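Please read them with the sequence and the structure side by side.

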Amino acid sequence: MANVLTVTAKVRAAKGKGDALAALFVEQSASVRQNEPGCLVYRAHRLARDPDLFLFYEAYADDAALEAHRKAPHLAAFRERRERDGLVEGAVEIDIYRSITE
């Protein structure tokens, strides 16, 4: 499927908060898959050699699906919990790619 948007996001857990952040990401992933039909893939990964570093791999059918994700109230609620509970250290690194092949 050409023209799919793929998003990668790197997130570092605050010291001692890796397991709590992982639990939040499991919950968040289920909510996104359930509530966003334009989201084709939404997977959280935890780096084996550094369990405080997480990577999201996401794919969206089109620009509208990505925009719906960005504005989703359930995602805002997860971000709020993440910040309130001090689960993240530093800035989240986000990159967006557009597929050029099927």
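Predicted model: local features only at pLDDT ≥ 70, side-chain atom pairs only at ≥ 80, totals over all residues.

1. I begin with R84, which counts as exposed because its relative accessible area is 56%; here buried means under 20% relative accessible area, exposed over 50% and partly exposed in between, with a 1.4 Å probe and protein chains only.

2. Residues are numbered from 1 along each chain as its sequence is written, and side-chain values use heavy atoms, with hydrogens and water left out.

3. The protein contains 3 helices and 4 strands, where helices (H or I, at least four residues) and strands (E, at least two) are DSSP runs numbered from the N terminus. Taken in sequence order, these elements give the pattern β-α-β-β-α-α-β.

4. The C-alpha trace spans about 40 × 30 × 20 Å along its principal axes.

5. Of the 102 residues, 37% are buried. Among contacts (heavy atoms within 4.5 Å) with a separation of 6 or more, 73% are between residues 24 or more positions apart.

6. The largest nonpolar core has 22 residues, and those touching the most other members are V11, L21, F25, Y42, F54 and Y60; such a core is a set of buried Ala, Val, Leu, Ile, Met, Phe, Trp, Tyr and Cys residues joined through side-chain atoms within 4.5 Å. Two or more residues of this core come from each of β1 (5-13), α1 (18-35), β2 (39-46), β3 (53-60), α2 (63-71) and α3 (73-84).

7. Which residues does Y60 touch, not counting residues up to four places away in sequence? They are V4, L5, V7, E36, G38, C39, L40, Y42, A65, L66 and H69.

8. Is Q28 buried or exposed? Q28, which has its place in helix α1, counts as buried because its relative accessibility is 6%. Residues up to four places away in sequence aside, Q28 touches Y42, F56, L75 and F78.

9. Towards the end of the chain, R98 is found in strand β4 (residues 88-98) and is partly exposed, with a relative accessible area of 40%. Apart from neighbours within four places in sequence, R98 is in contact with N3, V4, L5 and D63, whereas the C-alpha atoms of R98 and A30, 68 residues apart along the chain, are separated by 24 Å.

10. I100 lies in the segment after β4 and counts as exposed, at 79% relative accessibility. Although I100 and L5 are 95 residues apart in sequence, their C-alpha atoms are 9.9 Å apart in space.
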